[in-house]
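Opening my notebook on this one. I'm jotting things down as I look them up.

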Amino acid sequence: MNRWTIRVALGPAALAVLAAGPLSAQDTTRAQPVPTAAAAGAAPVTITLEQALEQARKHSPTYLQTLNDAGPARWQVRNAYGQLLPSASVSAGLGYTGSGNATFGGTTFSQSSPSYNSDYSISLQYQLDGAVLSGPGRAKALQRATEADIANAGAQLKYAITNQYLQTLQAAAQVEVAHQQVQRNEDFLALANARYRVGQATLIDVRQAEVTKGTGEVALLRAVQAQNEAKLELLRLMGVTPPAAVDQLQLTDSFAVVAPGLELEQLLQLASEQNPELRALRARESAAGANLTAAKSEYLPRLSMQAGWQGYTQQFTNEQLLLDQQYQAARGQMLNCEFQNAIIQRLTSPLPYENGGMIGNCNSYAGLTSDGSALEQSVADGIRSRNSVFPFHYTRQPFQASLTLSLPIFTGFGRQLRVSQARVQQEDAAEGVRARALQVRTDVQARWLGLQTAYRAIGVQQTSRDAAREQLRLAQDRYRLGSGTALELADAQNAVARAEGDYVSAVYDYHKALAALEAAVGRPLR
């Protein structure tokens with residue numbers, strides 16, 4: 001897989017790295033690494049701390065869930081500015097209406113022919129009030145709070161990965177300690193057998209050595225299991241599946257043990273300014289203040305404006321019905337024309353108009369043919385043309401616009417309630433910041449003291465380890481010379497194993513204490 005570095009050579013043993021620290025002594029009892037699939041020929045996959053952090057930022061589900069909040073926060077700011085601009089909408093529709101009677105509001109409408117209809121509408125709306133004016137500031141405050149939450153999640157992810165990386169290195173070092181104990185136990189068993197063969201030891205010594213060897217082998221198996229579990233937990237926190245068999249994964253970073261030279265007051269000042277969780281809470285307090293401003297803005301008047309354009313079409317499917325209706329209307333107009341002509345003819349002379357205002361051809365006047373049996377072709381064609389409008393030959397409606405200014409007088413104490421709730425939220429956020437600041441101060445002081453203790457514990461454990469090794473050397477010499485017992489030698493071997501394990505724990509307790517202090521301060525201290 002391309003995101004992992006493949007190395008053929010085995011990396012340095014974890015305990016050898018620790019021996020390079022200022023307080024470490026040369027380890028003269030080092031044994032070979034525990035045989036694994038990697039040591040047997042398979043190329044190990046090495047993981048550095050930086051690689052682990054990089055993969056975690058790309059794949060950790062918990063971190064990515066927080067990171068996903070950045071997109072909506074950016075769009076919320078854009079939306080807040082967009083509210084300061086008019087909104088526009090366009091709609092269009094098609095419809096069909098059958099023939100028959102319809103009743104609306106107590107009035108019956110009759111439609112003798114089915115029809116198709118279409119319409120469109122273009123509208124502009126604009127609304128300006130306190131909430132719109134305060135929207136950009138509130139959205140920006142929420143975006144800053146979201147960014148602070150993401151930074152805090154990133155800091156927590158870094159601490160979790162670093163701590164688990166150290167935990168895995170510690171488990172690997174404990175495996176080497178257990179392997180060294182197994183090697184000593186094998187040497188003890190070989191020595192007991194040799195002395196038994198020459199008659200200088202009893203079978204009890206041999207059995208004691210065998211029991212000691214078996215106990216050490218079980219401890220080694222458990223140490224290997226703990227190491228594998230630590231690797232798997234590291235990969236889980238990173239959000240990835242194992243790139244190879246778990247026994248082929250090796251962690252290669254080393255961490256030096258140096259005397260802590262950090263000033264407590266300086267650390268407290270840095271933590272007050274840079275602790276990611278504290279900064280996130282301060283951003284949330286600022287957002288709560290913006291919400292309070294928005295709630296107070298409800299007392300301002302509201303301006304609303306609206307403008308729109310509309311159009312429609314209606315096309316009847318039965319054109320003959322339209323022609324018949326027009327023919328009947330034309331017949332009525334022709335008969336009325338003839339009636340008016342008859343009246344004019346009965347008037348006495350002189351008539352005020354030429355021909356007395358009579359219409360010469362009432363059929364032509366009404367749009368009928370000369371014999372009055374049908375509509376003129378041009379009139380019929382005009383009716384068909386005016387009916388053929390579906391779907392896009394719209395009839396426009398008059399332009400409409402309105403402007404409204406409103407000022408709520410009484411809202412059932414709703415505004416007072418929202419202002420009170422927003423104020424309480426801001427006060428709670430401020431108290432949360434103060435509480436977290438006190439907690440951060442306490443954490444920094446406690447972890448600073450813990451770092452001093454862990455550093456001094458390394459020196460104590462190193463002295464104990466050296467004493468246990470010297471005790472083991474003396475017990476081995478006594479047993480070879482026949483003046484010591486097998487039980488005495490077994491006790492000495494167990495004591496040196498405990499001392500070496502305690503020394504490894506002390507070293508990594510120091511590194512984990514430093515990582516915890518960095519997490520509390522909010523910045524690297526190495």
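I take helices (H or I, at least four residues) and strands (E, at least two) as DSSP runs, numbered from the N terminus. This is a predicted model, so local features need pLDDT of at least 70 and side-chain atom pairs count only at pLDDT 80 or more, while totals for chains, interfaces and linings use all residues. Residues are numbered from 1 along each chain as its sequence is written, and side-chain values use heavy atoms, with hydrogens and water left out.

**Loops.** I looked up Phe399 and found it in the loop between strand S9 (395–396) and strand S10 (400–406). Phe399 is partly exposed at 48% relative accessible area; I call a residue buried under 20%, exposed over 50% and partly exposed in between (1.4 Å probe, protein chains only).

Two backbone notes. The Phe390 to Pro391 peptide bond is cis, omega near 5 degrees, and Pro391 sits in the loop between helix H11 (377–387) and S9. Phe413 isn't glycine, yet its phi is positive, near 65 degrees. I find Phe413 in the loop between S10 and helix H12 (414–481), and it is exposed at 55%.

**Helix H9.** At the N-terminal end, Asn318 is the cap, with a side-chain oxygen 3.4 Å from the backbone nitrogen of Gln320.

I then checked Cys362 in helix H10 (362–365), which is buried at 7%. Its contacts, leaving aside neighbours within four places in sequence, are Met334, Cys337, Glu338 and Asn341; contact means heavy atoms within 4.5 Å. Cys362 and Met334 are 28 residues apart in sequence but 5.2 Å apart C-alpha to C-alpha.

**Salt bridges.** I get 19 of them in the structure, each a side-chain nitrogen of Lys or Arg within 4 Å of a carboxyl oxygen of Asp or Glu. One of them pairs Arg302 with Asp129 at 3.3 Å, N to O. That pair links distant parts of the chain, with Arg302 in S8 and Asp129 in the loop between strand S6 (115–128) and helix H5 (130–197), 173 residues apart. Arg302 is partly exposed at 38%, whereas Asp129 is buried at 10%.

Arg384 and Asp381 also bridge, with closest N and O atoms 3.3 Å apart; both lie in H11, three residues apart, about one turn of the helix. Arg465 bridges Asp466 at 3.9 Å; Arg465 is buried at 3%, Asp466 partly exposed at 32%. Last, I noted a salt-bridge network linking Glu470, Arg473, Asp477 and Arg480.

Conventions:
Polar contact = N/O pair within 3.5 Å; in protein donor to acceptor, adjacent residues only side chain to side chain.
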